[in-house]
Amino acid sequence: METILLAWNPKRFPWKNLQDRLAEIRREGRATDHWSVGNRKILETGTRFFLIHLGAEPRGLVGSGWTTSAPLDRDHWDPSKAEQGVTARYASIYFDTLEEDPIVTMDELSESPFSKVHWSTQMSGIQIPELIAAEVETLWTKRTSEGDPGGMEGLVEADATVLKHSTRLYVNRYERNPRARALCLAKYGLVCSCCEVLLSDVYGSQAENLIHVHHLTPLSSIPEGFQIDPIADLRPVCPNCHNVIHSKPRPYTIDEVKEMIAETKQKHAGRPSLEIDHTVR
């Protein structure tokens, strides 16, 4: 899977909803938008991208994410061209990281090995060579995350979205794929599919990006080389519900867990909550 560079120069394109996207990232750990991809006619859904801030300082990489659609023609981002009926190609995108100030500065990108890429391009959609993309990804992960870059249990990078068998621990472990995870969360968000809880609502900003991604089909029944469809095969679930799902040899379905939650709520409806006396004696 290739990695591309998306360019943003505020002098050429005032990003009017930037603050909305930044608020969305802080609130939900993700943000969606659409972006010009230059003259790209073909771009695979789930392509990794980095967004570079150009023009006036501070310049450098400010965002990253994944494309969530093929390129489509729509009104040009330049209002004067749009008035003339000129179109541009856009892809829907999913930001997993977005900041106002560069996370990797242009000065850093001018050093080896990054200097092999023409970062000051005025056209989005250029491909970042694979080896350079890997170096950028390594530095990016160090700068943007503490611990697991996938945010708890994700889907370290596998070949496309192919599920591979490995050892069986508490539950079957499979290679995690950030692309599959990103596409799943771009579709369904970070709210648990079972209990409908957003972890950041319970634990605060420390849990902004924490969510498990659950495979709907029991892993023991999936053949070697199975191609994951992130939309059809995966769902976000919180750690508690994920534990319940895998609490027996045949995992519970999401609907079964939702029924458990509904029955328990009904059973306890009207029951006074337990109050604990914290008086110091």
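**Chat about a predicted model**

Biologist: Is E196 buried or exposed?
Modeller: E196 is exposed, with a relative accessible area of 60%. With a 1.4 Å probe and protein chains only, buried means under 20% relative accessible area, exposed means over 50%, and partly exposed is in between.

Biologist: What are we looking at, and how is it numbered?
Modeller: This is a predicted model, in which local features need pLDDT of at least 70 and side-chain atom pairs count only at pLDDT 80 or more, while totals for chains, interfaces and linings use all residues. Residues are numbered from 1 along each chain as its sequence is written, and side-chain values use heavy atoms, with hydrogens and water left out.

Biologist: Back to E196. Where is it, and what is its phi?
Modeller: E196 is in the loop between α5 (178-188) and α6 (199-203). Helices (H or I, at least four residues) and strands (E, at least two) are DSSP runs, numbered from the N terminus. The phi of E196 is positive, about 60°, although E196 is not a glycine. Most residues other than glycine have a negative phi, and most peptide bonds are trans.

Biologist: Which peptide bonds are cis, then?
Modeller: One joins E57 and P58, with omega about 5°. Another runs from S112 to P113, with omega near 5°. P58 is in the loop between β3 (48-53) and β4 (60-67), and P113 is in the loop between α3 (106-109) and β8 (126-128).

Biologist: New topic. How many disulfides are there?
Modeller: Zero, in a search of the whole structure; a disulfide here is a pair of cysteine sulfur atoms within 2.5 Å. C194, for instance, is in no disulfide, and its nearest cysteine sulfur, that of C241, is 4.5 Å away.

Biologist: Is C194 buried or exposed?
Modeller: C194 is buried, at 4% relative accessible area. C184 is also buried, at 0%.

Biologist: And the aromatics, how many pairs?
Modeller: Seven aromatic pairs. Rings of Phe, Tyr and Trp (its six-membered ring) pair if their centres lie within 6.5 Å; planes under 30 degrees apart are stacked, over 60 edge-to-face, and the rest tilted. W8 is buried at 7% relative accessibility, and W15 is buried at 8%.

Biologist: What about F13 and W35?
Modeller: Their ring centres are 5.7 Å apart and their planes at 85°, so this pair is edge-to-face. F13 lies in the loop between β1 (3-8) and α1 (18-28) and W35 in strand β2 (residues 31-36), so the pair ties together parts that are 22 residues apart in sequence. F13 is partly exposed at 26%, whereas W35 is buried at 6%.

Biologist: Which residues form the aromatic cluster?
Modeller: W8, F13, W15, W35, F49, W77 and F95 form one cluster.

Biologist: Which charge lies over the face of W66?
Modeller: R48, at 4.7 Å from the ring centre. The rule is that NZ of Lys or CZ of Arg is within 6 Å of the ring centre and within 35 degrees of the ring normal. R74 lies over the face of Y90, at 5.3 Å from the ring centre.

Biologist: Last thing. What is the average pLDDT?
Modeller: The protein chain averages 81, and 81% of the residues score at least 70. pLDDT is the predictor's confidence in each residue, from 0 to 100. Over residues 146-175 the pLDDT is below 50, and this stretch has 74 contacts in the model beyond near neighbours in sequence. A contact means heavy atoms within 4.5 Å.
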